[in-house]
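Hello,

Here is the structure for your files.

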Amino acid sequence: MAERVQQPPAKRLCCRPGYGSTCRQGQRAAGAPCGSSGATQGESSRTQSPETLLDIAARKVAEKWPFQRVEERFERIPEPVQRRIVYWSFPRSEREICMYSSFNTGGDEIGSSGESGDETRLPFRRGIALLESGCVDNVLQVGFHLSGTVREPATPSEPELVCNVSVSFDRCKITAVTCSCGNKDIFYCAHVVALSLYRVRKPEQVKLRLPISETLFQMNRDQLQKFVQYLITVHHTDVLPTAQKLADEILSQNSEINQVHGAPDPTAGASVDDENCWHLDEEQVQEQVKLFLSQGGYHGSGKQLNLLFSKVREMLKMRDSNGARMLTLITEQFMGDPRLALWRQQGTAMTDKYRQLWDELGALWMCIVLNPHCKPEQKAFWLRQLRRWNSVDVCPLEDGNHSSELTNLTNVLPQGPAGNPDSLTRPHRTVFTRAIEACDLHWQDPHLQNIITEDHYTNYCYHENLDSSLFDTRGWPLWHEHVPTACARVDALRSHGYPKEALRLAIAIVNTLRRQQQKQLELFRSHKKELLNRGITSVTNLEGWVGHPLDPIGTLFSTLMETGRGSEEGTLLDFSGSLGSGRWTEHPVFPAQRFLEEGESFLSLAVETALIGLGQQRVMPDGLYAQEKVCRNEEQLLGKLQEIDLNDMLVKIFRKQAVLLLEAGPYSGLGEILYRESVPMHTFAKFLFTSLLPHDAELAYRIALRAMRLPVLESTNPSSDLSRPHHIVSVVPNRYPRWFTLSHIETQQCELASTMLTAAKGDARKLETVLESIQKNIHSSSHIFKLAQDAFKIATLMDSLPDLTLLKVSLELGLQVMRMTLSTLNWRRREMVRWLVTCATEVGVFALDSIMQNWFTLFTPTEATSVVASTVMSNSTIVRLHLDCHQQENLANSARTLALQCAMKDPQNCALSALTLCEKDHNAFETAYKIVLDAAATGMNYTQLFTIARYMEHRGYPARAYKLATLAMTHLNLSYNQDTHPAINDVLWACALSHSLGKNELAAVIPLVVKSVKCATVLSDILRRCTLTTPGGMVALHSRRNSGKLMSLDKTPLRQLLDATIGAYINTTHSRLTHISPRHYSEFIEFLSKARETFLMAHDGHIQFTQFIDNLKQIYKGKKKLMMLVRERFG
């Protein structure tokens, strides 16, 4: 804690006119040890000697009365009485000192050394270490003031430090502390801890003096003068100016100091008007919270703030008034956080962790205002504070939105048919709204008081069977109240240190929930036919208990579990191994156990409560944060349940609740009637399924299959199919709810289905049922694909034979994915197709044959030919399936049929694949070729045709390749500047092919080339190649028709090609000169050199080229530098 360097001023003035010298005769000297008379502190616990009446009376007075009241009540107080009151006024327990010097809660560790490195750094642990090392010295108690020195041993990096420590106290509470170490923190430093624990543990070694005013009163004038002069001499540099100033004021008759009777005494204890509370440095609390908030969640600030909230709860549990005081300081800093205004201005949401801190803040205020022993003026003060914070614009809303559908806290939600839910709308509910509403609650109800104060409160003659019955049929008390509100009372009782009372109320609430559950079941059974036929139901819970801001189920569960940890040892059932090492031994025996049924325990009651809450049908709240909180709280509660090992009693409870949840209709999330906006039960059902499976498999599957529903993704039609047990009733039919957590929910649904598939391995009937449920309820292709993959992995585990039934389920799910994604874009589509073929291969040849015969409903033509048929026809597939020749042929026929169908439907992308797949079947190959020819005129581009033509040449069909190449040429158009076009190689290949086939073929293709190609360099390249070899080289291999003569450039077809090439050079030259720049001059000269080579191939080429150059000089004479370069090169 931030200890003040200077001693705080005295709180009251001390004057003892009634005390004379006669009343002090015979009294002991003021320097006697405090343990020299009477029983020492804690001595009664170590010896059998009874306490004296003086000690008993002094201890009670020291706890309750301010010392000023004692002085005013009695004219003369004997010194031994004063001494014992002063002695007993110091705190006697280390729990509070621990609480104010560490973040750790509870006193179980008090007095023991810390086990972890973090604990040893806590001020409380360091203080214990200093005390046990003998570092505390010069301890003196003067009245209600304790002082001493604490030596901090030297370390390698720090020298030895001696700290002067002083502590003021009153009525067993430390009210002020001072330490010269200068430590700045919320809590007491280690030196204050060491001195305080020295006084607690070694009271007999502390010299005790009466308040200094009493000692001064015993002195005569000479003694007083000597005392003052010596004091000034010892501390002349510090006190001399102050001493002179006081002397001047005392000697002045009209000074202010002379107008007051008596003088201050810092050791004389508290006045009647002083508030009796432990010292808390408010400034440091504010500074630390402000620092943590400014860090914005970094450096563990969120953890530190949660520790502060835990400290508030610890203070409340100790019934320390500083709990509310500290929470007020924290709240003021939270409300002053500048990020609130920034977020509101920008319209952005606060972070999730920060939002959780606000939730805890609101819950703590709820606990404070529900303090059963709080005074009306205190509650009125808190209400004013809460309303002030609530009215601030930036005050966070309870659900993170600007609207809400929550009822008033003090109203009980109807459990039967209700009216229009719109009438329940309450906008602008902040995090403080519930605490403000809780200020209207009270504890004066006689029935409530009897519940929380009596262990034997029963009425076995009570037979009233109304919804508001005070007792059940067993005579046990019930408490009918809005469930979150009732549970908030339980939390308040626990928080304020009333565990027994909290337990009694918790049991009454749970019994009420169980009775209510039974009544709801009876109500639904009696109206089931009517409800199913008409679809008339009501919203039974606008507020869900799981994910609720007050966490009612979590509160009941924790209350019962904590009690179970401390009291289960003596019961018939042993759960010690499943609950961890809890050390709750403060209340080892709870008479409230008489309200448990035979064989029940607090643990089993906690489990049943959690199951009731998790199975409640409730509307999904609005807003991202509220929806995420529903998921988070459900997972937290399930995590706690999973830590408990099931025994026969708990299995019985699981079965009982599972049956009730299945049969409870609209009141259960697993009932037959489900609202479209209801919170899904997938996560809860998965837990129930895995828990019940070893004990009652049929019930486990009933639960899981019922929970697979996700109606929010389905279109509803209330007028049809109402007889089915899974029909849906929409609460707000014209609104599609915004489920921000839908992706997470669908994932949980998928996990539930995967769990069932795993468990159903080897059971064909159950696998079929699970498959039907998946196909009906899961609407995401990615999740179905994951399930298909999961089923495939489970079915093909390496340590066992493949499960054919499960493989078929996997295949069926894969087929559904194919159908769902056939007409939509999905980046995983190719992966899905490949996986499906792999799965079908594992199932067998009939599965492969089936998917090929029905390919048009599953695949695109490209997928069917390039992936499906190609994989089926591969050698690896044949080897994997161990096929004989007949089976191979049948599979190949199916693949060829598929290929031809795909080629007809999409020849552009499938023709080549079809030809490849049909190579080994002449008729099929011819059919595929015909499809290509038919599509060439209209549906195929030159690239596709050239590719197929090259394939034909490669397969030994040059004539067919030539025909396809000519068809491709008709679709091609290369302009003068496209000398790097990718189709150039195809054109050169086509010309080479034509040239190799013979003069006639070349003569037929050259006009096509001339028409399609305008690029001079490409034409010249073709021309040169045609003049190097004789035509018909390929034909010559098979016949003797080749003449062996080179073709003449003066005759057709090469003359036509030469003229086209020269014309292309002329046109390209003019085009380039239009926009030529100087940096391209040299490149242009090289281009003209290539053009001259082509010109010279003609018999009059030299003359043509000379005329061409002369024309250029005349037309472009303005480009003097370029023309100079032309003359230099070409004359």
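Tyr957 is partly exposed because its relative accessibility is 31% (buried is under 20% relative accessible area, exposed over 50%, partly exposed in between; 1.4 Å probe, protein chains only). Phe925 is buried, at 4%. This is a predicted model: local features need pLDDT of at least 70, side-chain atom pairs pLDDT 80 or more, while totals for chains, interfaces and linings use all residues. Residues are numbered from 1 along each chain as its sequence is written, and side-chain values use heavy atoms, without hydrogens and water.

Phe925 and Tyr957 form a stacked aromatic pair, 5.5 Å centre to centre with 25° between the planes. (Rings of Phe, Tyr and Trp, the last by its six-membered ring, pair if their centres lie within 6.5 Å; planes under 30 degrees apart are stacked, over 60 edge-to-face, the rest tilted.) Phe925 lies in helix H37 and Tyr957 in the loop between helices H38 and H39, so the pair ties together parts 32 residues apart in sequence. (Helices are DSSP runs of H or I, at least four residues, numbered from the N terminus.)

The structure holds 24 aromatic pairs. Tyr87 and Trp88 are edge-to-face, because their planes stand at 80°, with ring centres 5.0 Å apart. Both Tyr87 and Trp88 are buried. Ring pairs also link a cluster, including Phe309, Trp343 and Phe432.

Two arginines lie over ring faces. Arg489 is 4.9 Å from the ring centre of Trp443. Arg1072 is 4.8 Å from that of Phe1087. (The cut-offs: NZ of Lys or CZ of Arg within 6 Å of the ring centre and within 35 degrees of the ring normal.)

Best wishes

Technical notes:
Helix = DSSP H or I, 4+ residues; strand = E, 2+ residues; numbered from the N terminus.
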